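User: Could you walk me through this model, one question at a time? I would like to see how each answer is reached.

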Amino acid sequence: MKKLISTMLALLLLISMVACGGENPKLVEAKEGFNSVSEQFNEVAAFLNENKDDISEELIDTMNQLSDLLSEYGTTLENGDALTDEQLDAVMAWFESTKEVLAGIKTDIENAIKAADAFPEALANLDAYEIPDVSYTAWELSGGMIDGVEMEQEDLDAVLNACGGTFMFLFDAPGVVSMINGETEFKGTYEALEENVVLYMAFEGYTYYGVFTVVDEETVMIIANTEAPGTALYMIPIQG
């Protein structure tokens, strides 16, 4: 689900490479390494700032922590004449590992953008609770809404008739789910997204997003798919 995040990551300043004939070659290499990883950081930070509403606070916190660490390294290297070769080797090794971390963060941002683009409009403004443990539970259709308007009984009956009279989800072992549509059973998988408040279910030919809320002290799973983003279906647990 989209979050309103106002944090803007500051871009890192690069170290000015002033030619000094007596400077330790390893220090020069470390400064070049700092500039390289900082340029990569700035690219990822700019990408994140452009799409911050789709990014988790945890990811932003990680980038802010990297920014602080890189800034400290930059200050250290600018006054690094006293650093030993061993210390400079350790710094350059950290820069290389940080490049891999930044590449992974960029991938996470791209995935978050894709998820936000696919997230059904019908679920976007709902109050969502952390996903409960759904292992070995069953959920059946009890209602829904179309373009923000609650379904009448005849609408619900029409949905059930289109599904052959039955529409439910059966969660088996963790990560495994079945969708019962009339007399047909579809096997699929599920996973938690968006810091464990969005459930994503994938079947062959069908994908659903779901959030959990509480109505009259009863937990309700509200689902929608990308084919009908304005329609939400209410699923309630089957007892026993």
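**Pockets, strands and turns**

Analyst: Happy to, and let's start with the pockets: the lining of the largest pocket is made up of seven nonpolar, two polar and five charged residues. Please keep in mind throughout that this is a predicted model.

User: Thanks! What is the volume of the largest pocket, and which residues are closest to its centre?

Analyst: The volume of the largest pocket comes to about 370 Å³. Its lining has 14 residues, and the closest to the centre are Asp108, Asn111, Ala112, Leu193 and Glu194.

User: Which element gives the most to the lining of the largest pocket?

Analyst: Two elements, α2 and α3, each give two or more residues to the lining of the largest pocket. The one that gives the most, with four residues, is α3.

User: How many charged residues are in the lining of the second largest pocket?

Analyst: This pocket has a volume of about 280 Å³. It is lined by 14 residues, with Val159, Cys163, Tyr208, Asn225 and Leu233 nearest its centre. By class, the lining holds eleven nonpolar residues and three polar ones, and the number of charged residues is: none.

User: And which element gives the most to the lining of the second largest pocket?

Analyst: The second largest pocket has two or more lining residues from each of α4 (153-162), β4, β7, β8 and β9 (231-237). With three residues, the element that gives the most is β8.

User: Let's step back to the whole chain. How many helices and strands does the chain have?

Analyst: Reading from the N terminus, the order of the elements is α-α-α-β-β-α-β-β-β-β-β-β-β. The secondary structure therefore comes to four helices and nine strands.

User: Among contacts between residues at least 6 apart in sequence, what share joins residues at least 24 apart?

Analyst: The contacts in question are those in the chain between residues at least 6 apart in sequence. Of these, the share that joins residues at least 24 apart is 62%.

User: Is strand β3 largely enclosed or largely open?

Analyst: Strand β3 covers residues 167-171, and four of its five residues are buried. A residue counts as buried when its relative accessible area is under 20%. With four of the five residues buried, β3 is therefore largely enclosed by the rest of the structure.

User: Which residue of β3 stands opposite tryptophan 139?

Analyst: Strand β1 (residues 138-146) pairs with β3 in the antiparallel sense, over three bridges. In this pairing, tryptophan 139 stands opposite phenylalanine 169.

User: And which residue has the positive phi in the turn between β3 and β4?

Analyst: β3 and strand β4 (residues 176-181) run antiparallel and are joined by five bridges, with leucine 170 opposite serine 178 in β4. The two strands form a hairpin with four residues between them. In that turn, the residue with a positive phi, about 90 degrees, is glycine 175.

User: Is aspartate 216 buried or exposed?

Analyst: Aspartate 216 lies in the loop between β7 (206-215) and β8 (218-225), two strands that pair antiparallel over eight bridges. Its phi is near 50 degrees, a positive value in a residue other than glycine. A residue is exposed when its relative accessible area is over 50%. At 75%, aspartate 216 is therefore exposed.

User: One last item: what is the relative accessible area of tyrosine 136?

Analyst: Tyrosine 136 lies in the loop between α3 (85-118) and β1, and its phi is near 60 degrees, a positive value in a residue other than glycine. Tyrosine 136 is exposed, and its relative accessible area is 63%.

Methods: Residues numbered from 1 in each chain as written. Predicted model: local features only at pLDDT ≥ 70, side-chain atom pairs only at ≥ 80, totals over all residues. Heavy atoms only, no water. Buried < 20%, exposed > 50% of the residue type's maximum accessible area, 1.4 Å probe, protein only. Pairing = 2+ DSSP bridges. 1 Å grid on protein atoms, 1.4 Å probe; cavity = no way out; pocket = protein on both sides within 12 Å on 5 of 7 lines; lining within 4 Å. Points joined across faces, edges and corners; volume = space filled by probe spheres on them. Nonpolar A, V, L, I, M, F, W, Y, C, P; charged D, E, K, R; others polar. Contact = heavy atoms within 4.5 Å.
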